Amino acid sequence: MLVLASSSPRRSLLLRQGGYVFETVQASVLEDLEEGISPFIGAKLLAERKAKAGLTNWLELGGDKQDVILGADTMVVLDSCILGKPGSALEAEEMLLSLSGRTHKVLTGVALISGSGKLVSDVIETVVNFRPLGEDEIKAYIAGGEPMDKAGSYGIQGEAGKFVTSIEGSLTNVIGLPMEYLSEQLKTWGIEQTNITSREVDDGLSAFEGLTGGAFTP
């Protein structure tokens, strides 16, 4: 069985739309990182922490040691600086102004672990290009509330999709899980997708359909 060690609705949605049957478990961890640590190593470390915490909680709840726990952590990186979730509207505005008209990277650390001791982790990178943004449209976007729970203060699958001129890499990686990579990994753990008969919800991905594995141009 696949178990997602996350309360993120976006990650749950991506797994469901990918055709996976799974359970969820809490995985509260300290997200403090050593000063000067590279974003790549940081994303991988946090994904592993979440997977390990999820495994501990899952086994305490009576889960099977053979179940596969998935942990993930997504970072927005601009000039080697990690942009986390904004603590305020002002911080969100500052982040979006810094991303305006520039290229940044989105890194998602992915870790899979089981009670048997097997652990596999990696980091997937997507390059995202923003067009220049006006202060008024930034303020209007923030007023809608969308940026406040998202790394880098934006959600590409939402209203911020109109800020993006192109991406290089996986679209779902920017949302929170690199589904192309993850699907291949899960096969090696004996976890297959079920048949997908319909989309459960409209999450804004229809505008990007067919473009999740390569370059995207709106």
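Are Phe130 and Tyr154 buried or exposed? Both residues are buried, where buried means under 20% relative accessible area, exposed means over 50%, and partly exposed lies in between (1.4 Å probe, protein chains only). The structure is a predicted model, in which local features need pLDDT of at least 70, side-chain atom pairs count only at pLDDT 80 or more, and totals for chains, interfaces and linings use all residues. Residues are numbered from 1 along each chain as its sequence is written, and side-chain values use heavy atoms, with hydrogens and water left out.

**Figure 1. Overview of the helices and strands.**
The secondary structure of the protein consists of six helices and seven strands. Helices (H or I, at least four residues) and strands (E, at least two) are DSSP runs, numbered from the N terminus. Along the sequence, these elements follow the pattern β-α-β-α-β-β-α-β-β-α-β-α-α. Of the 218 residues in the protein, 51% are buried. Among contacts (heavy atoms within 4.5 Å) with a separation of 6 or more, 70% join residues 24 or more positions apart.

**Figure 2. The aromatic pair of Phe130 and Tyr154.**
The structure holds three aromatic pairs. Rings of Phe, Tyr and Trp (its six-membered ring) pair if their centres lie within 6.5 Å; planes under 30 degrees apart count as stacked, over 60 as edge-to-face and the rest as tilted. One of the pairs is formed by Phe130 and Tyr154, which are edge-to-face, at 4.9 Å centre to centre with 70° between the planes. Phe130 belongs to strand E6 (residues 119-130) and Tyr154 to the loop between H4 and strand E7 (164-168), so the pair ties together parts that are 24 residues apart in sequence.

**Figure 3. The aromatic pair of Tyr141 and Phe163.**
The ring centres of Tyr141 and Phe163 are 5.2 Å apart and the planes stand at 80°, so this pair is edge-to-face. Because Tyr141 lies in helix H4 and Phe163 in the loop between H4 and E7, the pair ties together parts that are 22 residues apart in sequence. Tyr141 is buried, with a relative accessible area of 6%. Phe163 is also buried, and its relative accessible area is 0%. Ring pairs link Phe130, Tyr141, Tyr154 and Phe163 into a cluster.

**Figure 4. The packing of helices H3 and H4.**
Helix H3 (residues 89-99) packs against helix H4 (residues 135-143) at an angle of about 135°, with the axes 10 Å apart. This angle makes H3 oblique to H4. Axes are lines fitted to C-alpha atoms, for helices over the stretch in contact, and angles run from 0 to 180 degrees between N-to-C directions. Angles under 35 degrees count as roughly parallel, over 145 as roughly antiparallel, 65 to 115 as roughly perpendicular and the rest as oblique. The contact is made by Ala89, Ala92, Glu93, Leu96 and Leu97 of H3, together with Glu135, Ile138, Lys139, Tyr141 and Ile142 of H4. These residues divide into seven nonpolar, no polar and three charged. Here Ala, Val, Leu, Ile, Met, Phe, Trp, Tyr, Cys and Pro count as nonpolar, Asp, Glu, Lys and Arg as charged, and the others, Gly among them, as polar.

**Figure 5. Glu135 in helix H4.**
Glu135 is located in helix H4. With a relative accessible area of 48%, Glu135 is partly exposed. Glu135 and Leu96 are 39 residues apart in sequence, and their C-alpha atoms are 9.3 Å apart in space.

**Figure 6. Phe40 and its contacts.**
Phe40 lies in helix H2 (residues 39-60). Its relative accessibility is 40%, so Phe40 counts as partly exposed. Leaving aside neighbours within four places in sequence, Phe40 is in contact with Leu107, Asp122 and Val123. The C-alpha atoms of Phe40 and Val123 are separated by 6.6 Å, although the two residues are 83 residues apart along the chain.

**Figure 7**
Seven of the nine residues of helix H1 (residues 9-17) are buried, so H1 is largely enclosed by the rest of the structure. The buried residues are Arg10, Arg11, Ser12, Leu13, Leu14, Leu15 and Gln17. Their cover includes strand E1 (2-4), strand E2 (22-24), strand E3 (68-78), helix H5 (171-175) and helix H6 (179-188). Just after H1, Gly19 takes a positive phi of about 90°.

**Figure 8. Helix H6 and its surroundings.**
In H6, the residues Met179, Tyr181, Leu182, Ser183, Gln185 and Leu186 are buried. What covers them includes E1, H1, E3, strand E5 (103-114), E6 and H5. Gly190, which follows H6, has a positive phi near 80°.
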